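Q: Could you take me through one part of this structure slowly, as I am new to this? I would like a close look at the aromatic rings and their surroundings.

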Amino acid sequence: MRGSFFEGEGVALSREAAQSGVLFPEAIRCALEDGMAQDESIVLLGQDIAAGFPFGATRDLAGVFGEERVRDTPISEAASMGCGIGAAMMGVRTVVEVDFAGFLLLGLDQLVNNAAKLRYMSGGQLRVPLVVRVGQGPFGAFAAQHSQAQHAWLASVPGLALCVPSDAQDAYTLMRWALRQNDPVVFAEDMRSYRTKGALVREGAEASEAAAEGEAAAEGEGSAEGEAAAEAEDLPRARVVRPGRDATVVCFGFGTLLALSAADELATHGIELEVVDLRLLSPLDEHTIGESARHTGRVLCLGEDPLLGGITAMLAAAVDHTAHGTLIARLGARHWPTPFGSSEELVYPSADSVVAAVRRLIEWPNAGQAEITNGDFQMASMQ
Amino acid sequence: MALIRNFEEAAYRAYERNELEGTIHASIGQEGVAVGVAAALRDSDKMLSHHRGHGHALAKGVNPKRLMAELFGRADGVCGGKGGSMHVADVKCGFLGSLAVVGSSIPLAVGVALAARRAQEDTVCVVFFGDGGVNQGVLYEAMNLAAIWKLGVVFVCENNAYAITTPAKKVTAGEGVQTRAQAFGLSALRVDGQDVEEVAGATRTLVAEARAGQPALLECLTYRFLGHSRSDPPHGRYRTREEVERWQGRDPLVVLAHEAGLDAEECVRLDAQAQAEVHEAIEFARASPRPTAEELAKDVWGDV
């Protein structure tokens with residue numbers, strides 16, 4: 001089976017998806033701009049952000065808001081992250097940008113030991129309204145260190161929320177949401193999405209006023225109940241981006257585009273695929289996953305990290321937990337570092353491999369577990 | 001200083017009676033640093049600390065009863081019993097937190113100072129670390145940020161000469177942290193940490209500079225009279241009895257009593273007063289319940 005998924009009928013999205021509308025990084029830029037205009041406490045920290053390098057998500061913001069609020073940092077990820085946390089503790093809402101997944105590791109002590117735990121360890125005295133933007137997945141043939149997927153690690157840390165937007169509009173919506181939270185949010189941007197485009201409607205004045213009510217300083221318990229209510233009401237749910245009856249793909253980020261593309265292809269063969277776009281991996285919307293699983297009875301969990309310890313294992317467990325008896329398959333990355341060049345396509349799932357995995361899932365006669373890596377398809381009976 | 005000394009002695013005894021869980025890092029012998037630095041600060045100034053931070057917390061005004069209850073892991077602890085000895089914060093006092101990963105509180109101070117700048121306040125943030133923290137890379141990243149952005153951070157190195165068992169001299173190249181700080185353009189002083197007046201004087205000088213946007217470093221030469229934690233004897237394995245006794249001869253409480261001209265009677269009275277306060281703190285901690293599972297589930301993220 002090895003390699004066969006790449007030789008089938010071509011349904012993969014082209015590398016530069018020919019969509020119309022606003023580029024994904026531009027949508028993030030719009031969200032930052034609108035958020036910063038509304039909330040003067042917001043400060044951005046990161047390398048080369050005044051210039052908007054490398055993907056344009058902070059382009060021109062220094063010109064609009066000044067370099068006091070759009071601060072270029074030295075190449076010091078640990079101190080930049082720590083500085084962002086310290087400022088956030090004192091009520092300065094901070095967005096720390098880390099361009100590539102590999103660089104996040106230098107700031108991970110600060111993120112995991114401090115940002116995620118300060119509120120808990122202080123018995124609720126401290127809040128850390130921090131947003132960390134970080135690239136994930138493969139992009140631009142940058143190879144093993146720039147291109148990696150860390151979703152399972154990040155989702156496993158209590159005290160962090162993990163956003164995984166799939167299109168330009170949702171990147172905007174989720175970033176505006178993240179900028180209203182009083183606890184840390186990791187905003188994981190699939191780098192393959194940077195070249196995708198989509199329609200964008202920016203939040204209007206009404207929404208902005210409602211959002212302003214959600215703001216709060218990082219101290220005191222006086223308004224804690226009100227804040228809590230706002231947060232609970234506000235939590236973005238997973239969404240069914242395409243309804244279907246034969247099988248479900250539970251996915252996120254660029255994987256959602258792969259699943260939608262696969263659904264188009266499968267529809268030509270009479271297979272109706274339901275696509276559930278998770279939007280957040282933590283907190284995880286198990287309710288929506290369970291509803292879709294009970295509806296179709298067959299679920300493909302799609303992720304970008306390896307199957308061993310990867311996010312798809314957690315998604316499969318969520319399916320089993322909420323809809324026991326569902327036939328579950330997982331499609332993730334090969335257990336390799338990302339190779340250089342276009343060979344990266346061998347590692348990560350594609351629309352073709354989603355199509356093939358869904359076909360196998362539908363053909364599978366009995367309830368059981370199916371394990372599928374890209375180009376290396378395995379299914380195991382539960383017996 | 002008498003309060004810190006008595007507080008930590010009492011906590012240590014409670015630990016030996018198995019009333020305290022986990023471990024405990026006493027700063028006995030180093031009280032002059034905590035008190036000298038805190039004496040030079042305003043209430044509105046902020047402080048960050050490390051795993052050996054009870055003295056810093058008390059010096060910044062944290063209530064001894066609630067601090068003791070935190071060490072006991074009780075619901076009336078200053079962090080609800082969820083932080084414990086190594087993770088204490090009392091935001092109302094400006095004590096923003098002691099953190100257990102060596103050096104990890106350092107860059108937070110840069111952010112706290114940045115927030116003060118944004119609010120157009122001239123408060124400073126003091127961050128403590130030891131000679132062990134001197135070799136964490138993030139210290140130099142943080143010094144650089146504080147220097148290029150001209151932020152009100154005062155880095156305070158409590159050089160007690162040992163990172164657990166490892167002598168600072170064996171693992172620290174060059175002249176030490178004072179000259180390293182000067183290389184970043186920080187104002188940097190080195191003082192006798194056993195002399196609380198000297199610490200306070202130097203801190204006042206540096207804090208005044210920091211308020212005006214000149215970050216600074218203070219290195220205090222000091223010594224912990226006990227081991228690193230309970231598992232470690234005061235002397236024998238890596239410190240000689242002679243060395244420990246020589247430093248005990250420079251007990252910061254005795255140095256102060258001498259400088260302030262206190263007679264024995266006055267010293268006994270101050271000590272008894274501190275003892276009574278600590279006794280009350282122990283009783284308060286004992287009487288406080290453990291946090292419930294419901295309380296332990298709170299303050300994770302969002303509304304939970």
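A: Let's start with a term: rings of Phe, Tyr and Trp form a pair if their centres lie within 6.5 Å. In this predicted model, 13 such aromatic pairs turn up over all chains. A pair of aromatic rings is described by the distance of the centres and the angle of the planes.

Take Tyr223(B) and Trp247(B): their ring centres are 5.1 Å apart and their planes meet at 5 degrees, so this pair is stacked; planes under 30 degrees apart count as stacked. Tyr223(B) sits in the loop between β8 and α10 of chain B, while Trp247(B) belongs to helix α10 of chain B, so the pair ties together parts 24 residues apart in sequence. Tyr223(B) is buried, with a relative accessible area of 0%, whereas Trp247(B) is partly exposed at 23%.

Now follow β8 into its sheet. In chain B, six strands form an open sheet in the order β2-β1-β3-β4-β8-β7, with parallel pairing. At the edges stand β2 (95-98) and β7 (187-192) of chain B; each has a single partner strand, so one side of each is left without a neighbour in the sheet. From one strand to the next, the twist averages 15 degrees. Helix α6 (residues 137-148) of chain B lies across β3, β4 and β8 of chain B, at about 150 degrees to β4(B).

Back to the rings, this time with chain A. Ring pairs join Phe24(A), Phe55(A), Phe100(A), Phe103(A), Phe139(A), Phe142(A) and Tyr194(A) into a cluster. Rings also have charged residues over their faces: Arg71(A) lies over Trp149(B), 4.6 Å from the ring centre, and Lys82(B) lies over Tyr120(A), at 4.3 Å from the ring centre.

Notes:
Residues are numbered from 1 along each chain as its sequence is written. Chains are lettered from A and ligands numbered from 1 in the order in which they are written. This is a predicted model: local features need pLDDT of at least 70, side-chain atom pairs count only at pLDDT 80 or more; totals for chains, interfaces and linings use all residues. Side-chain values use heavy atoms; hydrogens and water are left out. Two strands pair if DSSP finds at least two bridges between them. Helices (H or I, at least four residues) and strands (E, at least two) are DSSP runs, numbered from the N terminus. Axes are lines fitted to C-alpha atoms, for helices over the stretch in contact, and angles run from 0 to 180 degrees between N-to-C directions. Contact means heavy atoms within 4.5 Å. Rings of Phe, Tyr and Trp (its six-membered ring) pair if their centres lie within 6.5 Å; planes under 30 degrees apart count as stacked, over 60 as edge-to-face and the rest as tilted. Buried means under 20% relative accessible area, exposed over 50%, partly exposed in between (1.4 Å probe, protein chains only). A charge sits over a ring if NZ of Lys or CZ of Arg is within 6 Å of the ring centre and within 35 degrees of the ring normal.
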